[in-house]
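Work through the exercises below with the sequence and the 3D view at hand. Try each task before you read its solution.

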Amino acid sequence: MTTSAKLVSAKLLLAAICLSAVALSACVQVAAADQKCTGDGWATKSDAAFAADCADTAFNGSLEERQMLAWMFFTRVNQLIADPTKGGMSNTGKVPVWMAWPTDPDTFDTARPFDFTDTPRDAMSPTAEKKDLEAGGVATADPDGANEEVTRNRISYDYLIESGLTTKLDIAAFFEKNDYVDMPVGSVELKASWLQVTEGSPAPDGALTFVFDSGEYWWRGLHIMAKMQSLSDPGDVFYSEDPSWFWTTFELSNNPGVAHVREQLITQRAPLSEKEISAILETGGLAGFGLEAYAPNGTQIRFTAAGTGETPVILGHTDMEDFAGSPNTAQPRYWTRFEASCHSCHATASYNPETEAFFPFSVPTGALHPGYNKADSSGAVRYLGQGYKPLDFMWPIAFQAR
């Protein structure tokens, strides 16, 4: 296959940009940035190189380019590895590489170093459900549980381990010398959602399935957050509209109500054509695997549209953020509001060195300010501006540190 055929989606977008450019020099600059991100080898670059090469596309490109980048990230994290034990997703004999990445339990619940291999796990390793955090509940592998698995790449894992950000004692020591967490460029954090397949709850058409030790589950989608550049002042995470992380969330397009949420409530999306999507997946060697049944609900790079502080960016998954939908959280097709915003929610992940407490989990949308507050489990109101230090959007540090 020729390079032009492989990158048809990128080139179609580039052509549209060049046609609207007011000067040839502007088009040349766009073309150079585009080639740096989407040129040959993008699917197999190191995570750090890909993030650095695509930062301009992510943070200065159009919504169409960001949607394209979402598919490129999706392609990269779903590179296939052999699964000789469980038969792979949907009996293909293969699974995405992230199923061999360290989970939250692998990162936070053990002092043993994770062995990075191409051997996928057999057991599900769910993390705490956000909607149960305040009540102290933890998800279990039952048919009604969210069964959300958080995984991370080596860059993210190494930084957390080497910085001592996995235990409360070590976090306290970290903030004796540091004012903020600054994850390395190339860090990738994922969250997958699974639902058990039962006689009364079969997998929907098109859904990919996997047989864990605890039973068969269908894959409901994948959150992707990727660090693409550091802020000029990493301590300004709470309030800066300058982008540093790229956010997208993929969901099964056949999920009940997701079409309504995408079209009416998600604020920043620009769906690609089937031809463009197929070209990206084919470049990554994923043609025919079944990933076409999923799509990004949208993308996000900051708190508000264009960074003006006016219009909150809304992004979420109808299952993983069902608590943010209303009027009935179980019926996305009837939602009139969706108070989900990846960037805003994760920005409040923070730690107060004086009280040795994490900021309580909440569901903000739009820009934050020092007076933003939330009551903790004891009922005490905590204000973001009262000594909290940013964890660089990393809720796992607050949720999982032992």
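This is a predicted model: local features need pLDDT of at least 70, side-chain atom pairs count only at pLDDT 80 or more; totals for chains, interfaces and linings use all residues.

**Exercise 1: the cysteines**

Residues are numbered from 1 along each chain as its sequence is written, and side-chain values use heavy atoms, without hydrogens or water.

Task: find which cysteines form a disulfide, a pair of cysteine sulfur atoms within 2.5 Å.

Solution. 
1. Start with Cys342. Its closest cysteine sulfur, in Cys345, is 7.8 Å away, too far for a bond.
2. Cys345 is in no disulfide. Cys345 is buried, at 9%.
3. Now place the pair. Cys37 lies in helix 3 (residues 24-38) and Cys54 in helix 4 (residues 47-60), so the link ties together parts 17 residues apart in sequence. Helices are DSSP runs (H or I, at least four residues), numbered from the N terminus.
4. Both Cys37 and Cys54 are buried.

**Exercise 2: a helix pair**

Task: describe how helix 5 and helix 10 cross.

Solution. 
1. The axes (lines fitted to C-alpha atoms over the stretch in contact, angles from 0 to 180 degrees between N-to-C directions) of helix 5 (residues 63-77) and helix 10 (residues 274-283) come within 9 Å.
2. They cross at roughly 35°.
3. Contact means heavy atoms within 4.5 Å. Helix 5 contributes Met68, Trp71, Met72 and Thr75; helix 10 contributes Ile277, Ile280 and Leu281.

Terms used:
Helices (H or I, at least four residues) and strands (E, at least two) are DSSP runs, numbered from the N terminus. Buried means under 20% relative accessible area, exposed over 50%, partly exposed in between (1.4 Å probe, protein chains only).
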